[in-house]
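Hello,

Here is the structure I promised to pass on. Please have it open while you read, and my notes follow below.

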Amino acid sequence: SGTVFWFRQPIYFKICAVTTIMTFLLWPTLESRLGWKDSAVPICTADAFGLGAFAVIGTQKAVELGLDPIMWPVVGLITCTFGGITRD
């Protein structure tokens, strides 16, 4: 029961892996056709949504596990930070 939830439910890791591979393969084409740069709005927006999703997922898990409410944002922050690292 002490296993991190995304070890038991690998769908989260699979989503990150597929998104990473697709971005790696498609980004040069999108950049040349649409004139986007690495700091363009679409990348920053997608990154913000990803961080937000990981924060919400982590916070929801903390609530489901019955942790003290003071720990909810902490778990959300940790999940968002390391989820972002995994995604990147």
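In which helix is the place of K61? K61 belongs to helix 3, which covers residues 41-64; helices here are DSSP runs of H or I with at least four residues, strands are runs of E with at least two, and both are numbered from the N terminus.

Before going on, a word on the source: this is a predicted model, in which local features need pLDDT of at least 70 and side-chain atom pairs count only at pLDDT 80 or more, while totals for chains, interfaces and linings use all residues. Residues are numbered from 1 along each chain as its sequence is written, and side-chain values use heavy atoms, with hydrogens and water left out.

Back to K61. Is K61 buried or exposed? K61 counts as buried because its relative accessibility is 18%; buried means under 20% relative accessible area, exposed means over 50%, and partly exposed lies in between, with a 1.4 Å probe and protein chains only. Setting aside neighbours within four places in sequence, K61 is in contact (heavy atoms within 4.5 Å) with F5 and Q9.

K61 also has a charged partner. Its side chain meets that of E64 in a salt bridge, 3.3 Å from N to O. The rule for a salt bridge is a side-chain nitrogen of Lys or Arg within 4 Å of a carboxyl oxygen of Asp or Glu, and the count by this rule comes to 1. E64, at 58% relative accessibility, counts as exposed, whereas K61 is buried.

Now for the overall picture. The protein has 4 helices and 0 strands, giving the pattern α-α-α-α along the sequence. Of its 88 residues, 18% count as buried. Among contacts between residues at least 6 apart in sequence, 46% join residues at least 24 apart. The protein exposes about 6500 Å², and carbon and sulfur atoms supply 72% of that area; accessible areas come from the Shrake-Rupley method with a 1.4 Å probe, and for residues only the protein chains shown count as cover.

Helix 2 deserves a look too. This helix, residues 11-34, has a kink of about 45° at L26, shortly before the proline P28; the bend at a residue is the angle between axes fitted to the seven residues ending there and the seven starting there. After helix 2 comes G35, with a positive phi near 75°.

F24 is found in helix 2 and is exposed, with a relative accessible area of 67%.

On the cysteines, a search of the whole structure finds 0 disulfides, a disulfide being a pair of cysteine sulfur atoms within 2.5 Å. C44 is partly exposed at 45% relative accessible area, while C80 is buried at 14%.

Last, V75 lies in helix 4, residues 72-87, and counts as partly exposed at 21% relative accessibility. Leaving out neighbours within four places in sequence, V75 is in contact with G58, A62 and L67. The C-alpha atoms of V75 and Q60, 15 residues apart along the chain, are separated by 9.2 Å.

Best wishes
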